[in-house]
Amino acid sequence: MRILVVSAMFPPNVLGGAEISAFNLSSWLLKQGHEIGVLTAAKSPAEEKFGEIVDGMRIWSIYMPRPYPIYAQGAVQQKYLKPVWHLQDHLDPRNRSMVAKVIEEFRPDFCNVHYLTGIGHNVLSELGKRDIPVMYVMPDLALSCVRLTMFRDGKTCERQCWPCKLSAALKRSDFRTVRRIGFCAPSRANLDRNARFQALDAYPTAHILNANKYPAPTVTRTPSATVRFIYVGRLHAAKGVDILIQASDMIQGLDFSLTIVGGGAEEEALRQKYGQHPRIAFTGHVPLQEAINRIAESDVLCIPSIWLENSPGVVIQALGMGVPVIGSEVGGIPELVQHDETGLLVAPGDIAAWSNALKLLIVDRERLDKFQRNAASRASEFDQDFIGRRYVAFMDRIVKFGGLPAQ
């Protein structure tokens with residue numbers, strides 16, 4: 001089958017887990033004998049590609065007509081450009097015409113949509129015109145929220161604001177142009193949240209973990225009297241890193257360290273506030289292999305998110321390496337972490353509760369050892385072949401879906 005993968009971000013350009021997951025599933029499908037084309041957004045006109053073969057896939061990397069590329073999101077100082085950017089992302093007819101050329105050149109039998117923000121949601125109509133079946137993967141809440149997270153002013157949105165209502169209505173109009181379309185998400189929580197605002201019940205839906213296969217660590221964990229906590233991910237307010245650091249700052253007289261791996265909009269503020277803390281180290285953004293090695297060398301991964309986190313790949317990486325997880329009891333995290341078996345679940349945003357969870361694993365090394373053994377025993381649950389076959393079965397279900405009439 002000839003499969004077109006649409007993901008505005010795609011390796012080697014990586015900002016988060018969505019593009020890594022898109023690459024992993026695409027690579028797995030390629031190994032199964034499918035022909036893979038990838039449509040992604042270029043950082044600049046100089047980086048454009050038009051059907052070049054990279055890692056066995058045909059790559060179209062297109063510089064989309066925007067005030068700034070998607071890779072600059074969160075770092076643009078001219079705030080007035082943001083509404084212009086989003087209007088173009090929703091409505092610019094050039095989105096459709098540029099993508100139509102790729103579709104005509106590659107002629108896909110099927111399309112996997114992973115990340116449309118940055119390419120344009122209105123490109124779905126070009127797939128609908130040609131009756132190309134579409135699997136719409138939801139790594140976030142972009143289908144329902146213009147910010148992608150349904151998180152604002154430090155808390156989860158229970159309702160849509162008017163920009164999100166408008167955005168969701170336009171996106172709904174776009175996906176309804178496709179007769180055969182199905183929606184899946186790596187977490188049940190994420191799927192249910194999007195379904196609440198987009199009425200997806202009439203379509204095929206599925207909860208399938210990301211079919212990721214991460215590089216193995218090239219280092220081995222060594223015993224340490226110091227409990228080594230680590231956070232790996234974007235430094236964004238929704239990720240709750242400030243809460244984790246405040247919680248660790250409350251602990252006195254115990255031996256531990258906390259390493260913060262990653263970059264993002266909050267990095268500079270966090271460095272200025274906590275950069276001189278004797279127990280806390282900031283690494284900034286690092287390559288994937290280094291991030292994996294740092295997790296492998298640690299004792300506990302911390303995921304203090306305060307938004308509806310989907311299915312964090314970093315949690316799966318950690319558990320697969322026998323590294324237990326302290327995570328917020330929100331979104332898809334409880335679907336991965338078994339409380340008091342492979343880690344601890346903590347109320348999101350509760351600094352005192354986070355501090356107590358950290359202290360518990362510092363002083364109770366037997367419990368920590370048990371968590372590490374239990375985490376290692378779950379590695380088979382994240383087998384790429386098992387998950388990949390579930391995606392193929394869902395894609396087949398979409399192809400056979402009689403569907404709603406295209407609108």
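Two strands pair if DSSP finds at least two bridges between them. Helices are DSSP runs of H or I with at least four residues, strands are runs of E with at least two, and both are numbered from the N terminus. By those terms, V5 stands opposite N112 in β5.

This is a predicted model, in which local features need pLDDT of at least 70, side-chain atom pairs count only at pLDDT 80 or more, and totals for chains, interfaces and linings use all residues. Residues are numbered from 1 along each chain as its sequence is written, and side-chain values use heavy atoms, with hydrogens and water left out.

**The sheet**

- An open sheet holds 8 strands in the order β3-β4-β2-β1-β5-β6-β9-β10. Its pairing is mixed.
- The edge strands are β3 (49-54) and β10 (205-207), and each pairs on one side only.
- From one strand to the next, the twist averages 20°.
- Strands of a sheet pair through backbone hydrogen bonds, either parallel or antiparallel.
- β1 (residues 2-7) and β5 (residues 110-115) pair in the parallel sense over 5 bridges. V6 stands opposite V113 in β5.
- β5 and β6 also run parallel, joined by 3 bridges. Here V113 has Y136 in β6 as its bridge partner.
- β5 is mostly covered, with 6 of its 6 residues buried. Buried means under 20% relative accessible area, exposed means over 50%, and partly exposed lies in between (1.4 Å probe, protein chains only).

**Helices across the sheet**

- Axes are lines fitted to C-alpha atoms, for helices over the stretch in contact, and angles run from 0 to 180 degrees between N-to-C directions.
- Helix α3 (residues 93-106) lies across β1, β2 (35-41) and β4 (57-62). It runs at about 165° to β4.
- Helix α13 (residues 384-400) lies across β1, β5, β6 (134-137), β9 (181-185) and β10. α13 runs at about 155° to β9.
- In helix α6 (residues 188-198), the buried residues are N190, L191, R193, N194, A195, F197 and Q198. They pack against β8 (155-156), α5 (162-175), β9 and β10. Contact means heavy atoms within 4.5 Å.

**Helix pairs**

- Helix α9 (residues 288-296) and helix α10 (residues 313-320) pack at an angle of about 50°, with their axes 10 Å apart. That makes α9 oblique to α10. Angles under 35 degrees count as roughly parallel, over 145 as roughly antiparallel, 65 to 115 as roughly perpendicular, and the rest as oblique.
- α9 passes α10 in a right-handed crossing. A crossing is right-handed if the near helix is turned clockwise from the far one by less than a right angle, and left-handed if anticlockwise.
- L288, I292 and I295 in α9 meet V314, Q317 and A318 in α10. The residues of this contact divide into 5 nonpolar, 1 polar and no charged. Ala, Val, Leu, Ile, Met, Phe, Trp, Tyr, Cys and Pro count as nonpolar, Asp, Glu, Lys and Arg as charged, and the others, Gly among them, as polar.
- The axes of helix α7 (residues 241-249) and helix α8 (residues 267-274) come within 11 Å and cross at roughly 15°. That makes α7 roughly parallel to α8.
- The crossing of α7 and α8 is right-handed. V241, D242, I245 and Q246 of α7 make the contact with L270, K273 and Y274 of α8. By class, this contact has 4 nonpolar, 1 polar and 2 charged residues.

**A buried leucine**

- L319 is found in helix α10. At 0% relative accessibility, L319 counts as buried.
- Leaving aside neighbours within four places in sequence, L319 is in contact with P324, V325, L336, T342, A375, A376, R378 and F382.
- L319 and F382 are 63 residues apart along the chain, and their C-alpha atoms are separated by 9.4 Å.

**Backbone exceptions**

- Most residues other than glycine have a negative phi, and most peptide bonds are trans.
- The peptide bond from P11 to P12 is cis, with omega near 15°. P12 lies in the loop between β1 and α1 (17-31).
- R107 is not a glycine, yet has a positive phi of about 55°. R107 lies in the loop between α3 and β5. Its relative accessible area is 53%, so R107 is exposed.
- D131 has a positive phi near 55°. D131 lies in the loop between α4 (124-129) and β6. With a relative accessible area of 30%, D131 is partly exposed.
- A199 follows α6 and has a positive phi, near 50°.
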